[in-house]
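Please open the model in your viewer and keep the selection tool at hand.

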Amino acid sequence: MSKAYQTSKSSDVGIFCIILVYRIINALTIQTQFDPDEYWQTLEPAYCLAFPSENNCAYTWEWTRRRNLESRDLTNIGWIEDALHGPIRSYVPTLPTYFLYSLLRAFHLDTTWSVARAPLILNAAIVAAPTDFGVFYISRYIRKIKGIQGSEFPWKYEHFALLASITNWFNGFALVRTYSNSMESSLLCIGVALLCPELFGDVHSKSDLKVRPIARLAFFLGGISVVIRFTALASYIPLGIIICLRRKSLSSKMYYLWHICVLSGATGVALGCIVDRFFYGFWAIPFLGSFHFNVLLGTFDR
């Protein structure tokens, strides 16, 4: 391992730690509520799972939505219809908060302050900070691959990109909050960072069939993102198409399409569906329910 690589890795750890401290302070200084989804998308379901003995738990219609049993055609297998008319929220984005609440309860640390504020601190660490660092990493990769040296000023392009991310008022206001949108944004940013060589690097004929395992992870995270919010397809489908078109040979294009994009993404979707099967107790497919409610019924703008 070269000394330059060790220095770069150490520098990255230092930058991430600075971002992490900044986002934790960001989370602690927030004293407002944005909208009801901040509470009902994650905090309430996670609380109900971690504290099942409490009698004051409540789920919104997004979690309790079901197909009308009286209209079900029992002569056919209607699992797709059941999914389309089923719940529109996945338990996947609630898992970090659920595990956090479970730990707080196990160690008798479930005070009012920790139940209310600890999820924001957790989101600062696993959602907001990785998103900011992803912006920094992508910008640095593009600068290096394009051979941009910059000026004598000690800050380079990636530092200004990071500055734009951490000073963005909406990121500061919403990214640390417990929204499924925040987790989707973070997974997308991490996915693009993992795919930097495939998206921005040079593709040579000798390396045309070489596949980095990390690329599979990126599309696996894409599958998880789709489970959280089906709108993630609008990001990952173009990413997959771009990566496939950049390959030189037809065989490489097809291999990337099916084995990297489709198979890895489908694995992430399958894992998310298994998680929802465990918590719902039946085969709910919330991203299909969300698609039916928001798109097919046209209620997304209401």
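A charge sits over a ring if NZ of Lys or CZ of Arg is within 6 Å of the ring centre and within 35 degrees of the ring normal. Select Phe 173 and Arg 177 to see a case: the charged end of Arg 177 sits over the ring of Phe 173, 4.4 Å from the ring centre.

Before going on, note that this is a predicted model, where local features need pLDDT of at least 70, side-chain atom pairs count only at pLDDT 80 or more, and totals for chains, interfaces and linings use all residues. Residues are numbered from 1 along each chain as its sequence is written, and side-chain values use heavy atoms, with hydrogens and water left out.

**Stop one: the largest pocket**

Select Asp 37, Gln 41, Arg 89, Asn 181 and Arg 229, which lie nearest the centre of the largest pocket among its 29 lining residues. A pocket here is an open set of points on a 1 Å grid over the protein atoms alone, where a 1.4 Å probe fits, with protein on both sides within 12 Å along at least five of seven lines; lining residues have an atom within 4 Å of a point. The space in the largest pocket is about 510 Å³, a volume being the space filled by probe spheres set on the points, with grid points joined across faces, edges and corners.

Now colour helix H14 (286-296), one of the helices that supply at least two lining residues each; H14 gives the largest share, 5 residues. Helices are DSSP runs (H or I, at least four residues), numbered from the N terminus.

**Stop two: the second largest pocket**

This pocket holds about 330 Å³ of space. Select Tyr 39, Leu 43, Tyr 101, Val 115 and Ala 116, the closest to its centre of the 18 residues that line it. Helix H2 and helix H6 (112-145) each give two or more residues to this lining, and the largest share, 5 residues, comes from H2.

**Stop three: aromatic rings**

Rings of Phe, Tyr and Trp (its six-membered ring) pair if their centres lie within 6.5 Å; planes under 30 degrees apart count as stacked, over 60 as edge-to-face and the rest as tilted.

Next, select Tyr 98 and Phe 99, a tilted pair with centres 5.4 Å apart and planes at 40°.
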